[in-house]
Amino acid sequence: MITDKNRLLRAIGDIDDKYITEILSEDAQGKQNVVKVPFNQRPVIRNMKYYLPAAAALLIVVACIKSGVFSGMGATSSGGNNAADASPQAAYSPTASADEAACEPMMECDSAMQTDGMISEAASNDKTDNGSVNYLGPDLSEAEVDMINPFTDCGSLAEAERIAGFEFDVPDDLEPDLEAVYRAMDGKLIEVIYFDRGEEIYRIRKGTARDVSGDYNEYSVSVCVDAATWAGELKGYKEGLTNCAVWTDEDGFGYSLTTGAAPIKTDRVCEIIDLLMQ
Amino acid sequence: MEDSAIIELFFARSEEAIKETASKYGRMLKSVALRVLRNMEDAEEAVSDTYMKTWNSIPPTRPNVFSAFLTKITRNISLDMLDKEHAEKRGAGEIPALLDELEECIADNRIPVPGEGMELREILNAFLEGEKPEARKIFVRRYFFGSEVKEIAEFYGLGESKVKMTLARSRERLRKCLEEEGVTV
């Protein structure tokens, strides 16, 4: 036993991602609940009966003007109505000083909003389905979202080996009934993905790093293997089933096998690795 | 830029990965660090260290949820910095208060070492899973993000006493969870 209450605080830092993204998403959306503000700090609300008619009239005038402008501008207006869209890089600076300027702490923002008695709309924040949260990030154009894929799709293993700059001895009869897709990363990695009627069964990799799996999952079962031609670790959620295997060879290359949706029997994974490392 | 694209930049060892990460998450990470450290310089240092650690972790690591991955790193780095003498001199923000509150969950201040029964992380996740959404979010804001009670109350439009009561009940339920798993008593 450890008599250290700090461990509990540290352990809370390792809770499931979903509980963290739940909060980050809320923050990205801003305050959604009404903030209680003392009555004497609500001059706008108290005088709303005077402002509402004026605001309504102003809105009507603005709508009329906009309508006239857009009808006159025609189709070309949609492409040039936002200078920021035309130059997204202007809003984006990777330098530390610019980052600092854009990085006003949320706490301070919150305080400022509370002082004003206003509810944040956080209009520039964004949330995506995969837990990604965009905090006042730049609005990038579609062209910028397209990025260079570090992988090159290859027609054959030989082509992948040529791009990677090293060999990967995958027996031709390793998976005769499965479709194989070859990919390579220049000078770094070869990947072979096996599909069965479009469904990924598993993928194997060889690369210059020790762990090339790219698998961040935490598994409850881990078995270390020190075989004649390879040494590595087989990981999964149940004994006898493997979701991810990583191993190395004598030359320092790293290998991995990661399964698709379903784990593979550990014995079969060992067989595959044995075949690869013969 | 999508998270997956940023992660691919890390895999390609492109320094643009750090720039894109800073652009998208810099403000959020600084906020996380600042809640723990309560010092702008230290928070900036923690965020810079986060980028460096991320750079060293990816590859081979491929985070499932990039924002949570970064947040955890920043939080851990910030807590590590609190252990350093210079940070202690400037005060540790909410952390002493958090520790005092969490001590209630450990009846005799004992937590098992890894491998001794159910892992603490699993107990915490099971506990959070069983909490009602409002209580869970308040708990995570307080003990993961280190938010002040006042801050949480204002965010949700609740009274501070309500938040304190919710936290106290959550801590009591956590204490029972820990007890049931044989962690304490």
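## Exercises on a predicted model

In this predicted model, the largest nonpolar core holds 64 residues, and B:Ala33 and B:Leu37 are those with the most contacts inside it.

**Exercise 1.** Find which helix gives the most residues to this core, and name some residues of the second, separate core.

*Solution.* Begin with chain B, where helix α2, spanning residues 16-37, gives the most to the core, with 11 residues. Then turn to the second core, which is separate and has 27 residues, among them A:Ala160, A:Tyr182, A:Tyr202 and A:Ile272.

**Exercise 2.** Work out the strand order of the open sheet in chain A, and explain why one side of β3 and of β7 is left without a neighbour in the sheet.

*Solution.* First, list the 8 strands of chain A in their order, β3-β4-β5-β6-β11-β10-β8-β7, and note that the pairing is antiparallel. Next, look at the edges, where β3 (151-154) and β7 (221-226) of chain A stand; each has a single partner strand, so one side of each has no neighbour in the sheet. Finally, follow the twist, which averages 15° from one strand to the next.

**Exercise 3.** Describe how β7 and β8 of chain A pair, and state which residue of β8(A) stands opposite A:Val223.

*Solution.* Strand β8 of chain A, residues 231-236, pairs with β7(A) in the antiparallel sense over 6 bridges. Within this pair, the residue of β8(A) opposite A:Val223 is A:Leu234.

**Exercise 4.** Determine which strands of chain A helix α9 lies across.

*Solution.* Helix α9 of chain A, residues 157-164, lies across β3, β4 (179-185) and β5 (189-196) of that chain, and runs at about 15° to β4(A).

Notes:
Residues numbered from 1 in each chain as written. Chains lettered and ligands numbered in written order. Predicted model: local features only at pLDDT ≥ 70, side-chain atom pairs only at ≥ 80, totals over all residues. Core = buried A, V, L, I, M, F, W, Y, C linked by C-beta atoms within 7 Å. Buried ≥ 20, exposed ≤ 12 C-beta atoms within 10 Å, placed from the backbone. Helix = DSSP H or I, 4+ residues; strand = E, 2+ residues; numbered from the N terminus. Pairing = 2+ DSSP bridges. Axes fitted to C-alpha atoms, helices over the stretch in contact; angles between N-to-C directions. Contact = placed C-beta atoms within 7 Å.
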